[in-house]
Structures are given as structure tokens and as C-alpha cells.
Amino acid sequence: MLPLIAERNSSLGRQKQESTRLIYEWALKSGLDQCSSFDGEEWFQEARTAKAKDVEASVIKLLTQSEEADRLHSKINKPFATLAESRIAYLNRTQPVAQLMTQALQNIAPPSTETTTKLEESLYGWSQTQHHGTLHQAIIEARIWLQAANTLQRSALAANQICPMGTPTERGRNMQIFIRNYFGDTIQPKLSSITRGLDELNSVWAALPITLWSHDILVDALLALPPGYRRELREELKMHIANWQRLLQSCGLSARADTTNS
């Protein structure tokens, strides 16, 4: 362990890239765990606890402040045409990364040369998806659109001029057609893809056993979003759907053809 400690504490060791730094911390923690002769010493237990936190800090930094993290936010030459394609690739390529990081955090086995190679290869494929940047941009654009659309909906509800007497008018029927066709076929699938992307990203990282950060803080950092932004997006979307329903009900109409009051 002494060579590892010396290299870790050198100026070169402190400057190593995040993936290599994780391997160092992981190896040191594994080495400490093998020193059973000091198990009864309080100072040794404190050292093991501190090293476990170092491993976790290295995982978090690799996920959020590394070359791979930067590449995941790149918006240049996006590799996938749609968010759906990006989501699928991200899920497939994230699994081995999350699995290796979980092994490091749970100290399942000391890192070997094969493990190191697998980690580097997995990180490269993962970062090439650029999914964090793709999902971030989609979330921002959707939130801006929803805020503007919800403002218009509220104005229409307050004015009560689409169907002022509660009887379907031409404007009301046009609104119904818009919701059934353009909104249902074009807008709603895009919004659904965003929420599904968020759910999948939440799910894949929820199993990562970290304690220094909350799960919400980690996901916000991965997507470069301010606290509460994801929750506010879901609230705006929920309000948008509810406003469409209120507008249709004010005309005695329904979004579904088989329940339309005409």
C-alpha cells in the first residue's frame, strides 16, 4: 500500500484524471480492508471510513466534473437524431458504468487491470451518447414552451370567449381537432419522451449507494439543472393537460372522439 499512498499524495497523483483517481482510491480502500490486524483500533476504523468517503467523492467527481461529464453535455455533432434514440443508447451504456461504480462503493473486489480497462471503455461509450446535453436542452425548451402555452390557456379560460354559453362553437371544435391531432400526434409524444427520459435517468442512478449527496442533487448535477427545476417542469406539464381539459369542458367537448359532446 505504501507505493499507492505515495503516488496518491504526490502532485502528479493529485492531478490524475478522475477515472484513474477513482481506481487509486478504490485500491487504497481495498488495501485497508485487508489489514485485519488493526480491526480493533479506533484510528484504523476512522481511516477506513475516511477512505470510503474518498472513494465516493471520486465517483461523484467522475460523474459530474470529468472529461466524460463534459462530453455528455456536448451539443456538437449529436450522435442521435431523436431523444428516444439517445435514451435507449444511454440506458444500455450506463449500466456497465453504474455497475462498476457500485462495485467500487461497496468494495466488492479490488480493482484489477481488467476492471480498469473495462471502466475506461465503458466511460468512453457512455460519454459518446452526449445524452445529458440532449436531455438538458429538451427539458429547458419544454419548460419555456409550457410556461408560454399555460399563460395563453389561462387567458383563454379567464376570457371565456371560446364557448361563452357552454355550447360548442367553431373555435371550440377547432380546438378539439388541434388537441386530438396535432397536440396528440406531435407535441404530446415529445413531452412524454422527456418525462420518460427523466424517469429512466432517475431510475438508473437511484441504485448508486452514495451518501455524500442526495439522489436529487446528483441528478440535478448530471443534467446541469437548478434545484427544483425538474419538479417544476412536471407541475407545468400537469397544469397544461388540466387546462386543455378545462377548456374542452367549457365547450361541452372531450379530447376523445367517442366521448365528444357534439
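Guide: Let's start with burial: buried means under 20% relative accessible area, exposed means over 50%, and partly exposed lies in between, with a 1.4 Å probe and protein chains only. A69 has a relative accessible area of 4%, so A69 is buried. This is a predicted model, where local features need pLDDT of at least 70 and side-chain atom pairs count only at pLDDT 80 or more, while totals for chains, interfaces and linings use all residues. Residues are numbered from 1 along each chain as its sequence is written, and side-chain values use heavy atoms, with hydrogens and water left out.

Visitor: Where is A69 found, and what does A69 touch?

Guide: Helices are DSSP runs of H or I with at least four residues, strands are runs of E with at least two, and both are numbered from the N terminus. A69 is found in helix α5, residues 67-72. Contact means heavy atoms within 4.5 Å. Not counting residues up to four places away in sequence, A69 touches L62, L63 and T64. From A69 to L123 you go 54 residues in sequence, but 9.5 Å in space, C-alpha to C-alpha.

Visitor: Is H131 buried or exposed?

Guide: H131 has 1% relative accessibility, so it counts as buried. H131 is found in helix α8. Leaving aside neighbours within four places in sequence, H131 is in contact with L72, L83, S86, R87 and Y90.

Visitor: And P226: where is P226 found?

Guide: P226 is found in the loop between α10 and α11. With a relative accessible area of 42%, P226 is partly exposed. P226 and G40 are 44 Å apart in space, C-alpha to C-alpha, and 186 residues apart in sequence.

Visitor: How do I check the length of a helix?

Guide: Take 1.5 Å times one less than the number of residues: that is the expected span. Helix α11 (residues 229-250) has 22 residues and reaches 31 Å from its first C-alpha to its last, close to the expected 32 Å.

Visitor: What covers the buried residues of α11?

Guide: The cover includes α8 (131-159), α9 (170-206) and α10 (215-223). Among the buried residues of α11 are R230, E236, H240 and W244. After α11 comes G252, with a positive phi near 70°.

Visitor: Now packing. How are two packed helices described?

Guide: By the angle between their axes and the distance between the axes. Axes are lines fitted to C-alpha atoms, for helices over the stretch in contact, and angles run from 0 to 180 degrees between N-to-C directions. Helix α4 (residues 42-64) and helix α6 (residues 83-106) pack at about 160°, with axes 9 Å apart. The contact is made by V55, E56, V59, L62 and L63 of α4 and M101, A104 and L105 of α6.

Visitor: At what angle do α6 and α7 pack?

Guide: α6 and helix α7 (residues 113-127) pack at about 150°, with their axes 9 Å apart. Residues that meet there include Y90, R93 and M101 in α6 and K118, L123 and W126 in α7.
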